[in-house]
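Please read these notes with the sequence and the model side by side. The points are numbered so that each can be checked on its own.

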Amino acid sequence: MYLVNSIGNNLVTVLILKKGAPDQLLAVSEKNRKHLFILSYKAGSIARREDLSNRKKTNDRSNHSKKNIMLARTEADTLFDRAKRTASGAASWKDVEARYRRLVRIVADEDTGYLNSRLEEIEMQLRALHDTRYDQAIKDGEIYTSQKNYGEAKKSFATALEAKPGDSLALKSINLLDMAWAKNYVEQGDEASKSRKAILAKTFYQKAMDIKPDYPSLKNKLTQAKLVADPQIYALEKEKGDLAINDNNLSEARTAYDSALVIRPDDKYVKGQVRKLITLEEKNAKEEKDDAAYQDLLVIAKDLADKASTAQQYELAIKEYRRAMALIPGRQFPGKKIAELTNRIKQSR
């Protein structure tokens, strides 16, 4: 079904004797190496259409492949030298690494030594960059912590943990930071509580809870603050919502009523105000839509009027102004334009 011929100089030809021939193994020895191939017939395949049966075509194909490999290696070497010369960051080294790894997969075994040495050096560069990034991040985190700039400190320690995942020092630093950050908010909450500023106390305790939920006695302090603060918050947000809805500031009213419902989800008064708010929002949306359509009609009417020269053409413009008047009856402008165009028609007769 397959006819395999060796014609010297490692050139092998395969001839399919029967369509649909089953797959067969082909073993080819090359010095001390052995290659195994699977001969598989597939109608219409590129392999069947490509003629590699003569030395010239085989050499051309081989030379083209070698040329592409050399070009890829030259590009990789150029990027390697540039990265080393300019002290590039990890992203540049990662790009160079990916190029060399692609080359390792396609070059001959005897050529991989050079590429592997480059990969080893790239690994050293990346390790050094990670170490530098880690050291700087730990240092920055400690400085920010001493300045009580806890947010930036947390970012710095997180960066250190990215550079060295699972690092014990970075994890310990983050834990100590969270404790100090939460303690700062708890102390502020305690001061506010002593000053009978329940809403402020609740805010500080909640911030501490978001950072360190297991902070000692924090849960109880937050519960006690909420008992006093929540009724005050409800009253303030309810009043704010009422004032906003009376001023037709629907967005602010919506925010205030939503805050009130967080405290009292089943409050009948606020729920009624929200229904009223929804009606007003729908009304405003309709008015905005009508106004946009009204403006479009005015543009059409003006364009028709500017181009009109006969009574019939003026009537077309008048028709559009009447549509605008019907859409929003309270507007006076369309009526004035209709009167002007009516006079033009009379003058043209």
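1. Buried here means under 20% relative accessible area, exposed means over 50%, and partly exposed lies in between (1.4 Å probe, protein chains only). Helices (H or I, at least four residues) and strands (E, at least two) are DSSP runs, numbered from the N terminus.2. The model is predicted: local features need pLDDT of at least 70 and side-chain atom pairs count only at pLDDT 80 or more, whereas totals for chains, interfaces and linings use all residues. Residues are numbered from 1 along each chain as its sequence is written, and side-chain values use heavy atoms, with hydrogens and water left out.

2. The length of α4 agrees with expectation, because its 35 residues should span 51 Å at 1.5 Å a residue and its end C-alpha atoms are 51 Å apart. The expected span is 1.5 Å times one less than the number of residues in the helix.

3. Helix α3 (residues 90-106) packs on helix α4 (residues 112-146) at an angle of about 160°, and the two axes are 10 Å apart. α3 is therefore roughly antiparallel to α4. The contact involves A90, W93, K94, V96, E97, Y100, R101, L103 and V104 of α3, and T112, Y114, L115, N116, R118, L119, I122, Q125, L126 and L129 of α4. Contact means heavy atoms within 4.5 Å. Axes are lines fitted to C-alpha atoms, for helices over the stretch in contact, and angles run from 0 to 180 degrees between N-to-C directions. Angles under 35 degrees count as roughly parallel, over 145 as roughly antiparallel, 65 to 115 as roughly perpendicular and the rest as oblique.

4. The crossing of α3 and α4 is left-handed. A crossing has this hand if the near helix is turned anticlockwise from the far one by less than a right angle, and is right-handed if clockwise.

5. α4 also meets α6: their axes come within 11 Å and cross at roughly 15°. The two helices are therefore roughly parallel to each other. Y134, I138 and T145 of α4 make the contact with L169, A170 and L177 of α6. This crossing of α4 and α6 is left-handed as well.

6. Most residues other than glycine have a negative phi. K148 sits in the loop between α4 and α5 (150-163). K148 counts as exposed because its relative accessibility is 56%.

7. Helix α8 (residues 218-246) has 29 residues and reaches 40 Å from its first C-alpha to its last, close to the 42 Å expected at 1.5 Å a residue. A kink of about 35° lies at A229, shortly before the proline P231. The bend at a residue is the angle between axes fitted to the seven residues ending there and the seven starting there.

8. The buried residues of α8 are L218, L222, A225, A229, D230, I233, Y234, E237, G241, D242, A244 and I245.

9. N248 lies in the loop between α8 and α9. Its phi is near 60°, a positive value in a residue other than glycine. Is N248 exposed, partly exposed or buried? N248 counts as partly exposed, because its relative accessibility is 45%.

10. Near the end of the numbering, the axes of α11 and helix α12 (residues 333-348) come within 9 Å and cross at roughly 165°. α11 is therefore roughly antiparallel to α12. The contact is made by A311, Y314, E315, A317, I318, Y321, R322, A324 and M325 of α11 and F333, P334, G335, K337, I338, L341, T342, R344 and I345 of α12. α11 passes α12 in a left-handed crossing.

11. Y314 belongs to α11 (residues 311-327) and is buried, with a relative accessible area of 11%. Not counting residues up to four places away in sequence, Y314 touches A305, A308, S309, L341, R344 and I345. Y314 and R344 are 30 residues apart along the chain, and their C-alpha atoms are separated by 8.1 Å.

12. For the protein chain as a whole, the secondary structure comes to 12 helices and 4 strands. Buried residues make up 29% of its 349 residues. Of the contacts with a separation of 6 or more, 44% are between residues 24 or more positions apart.
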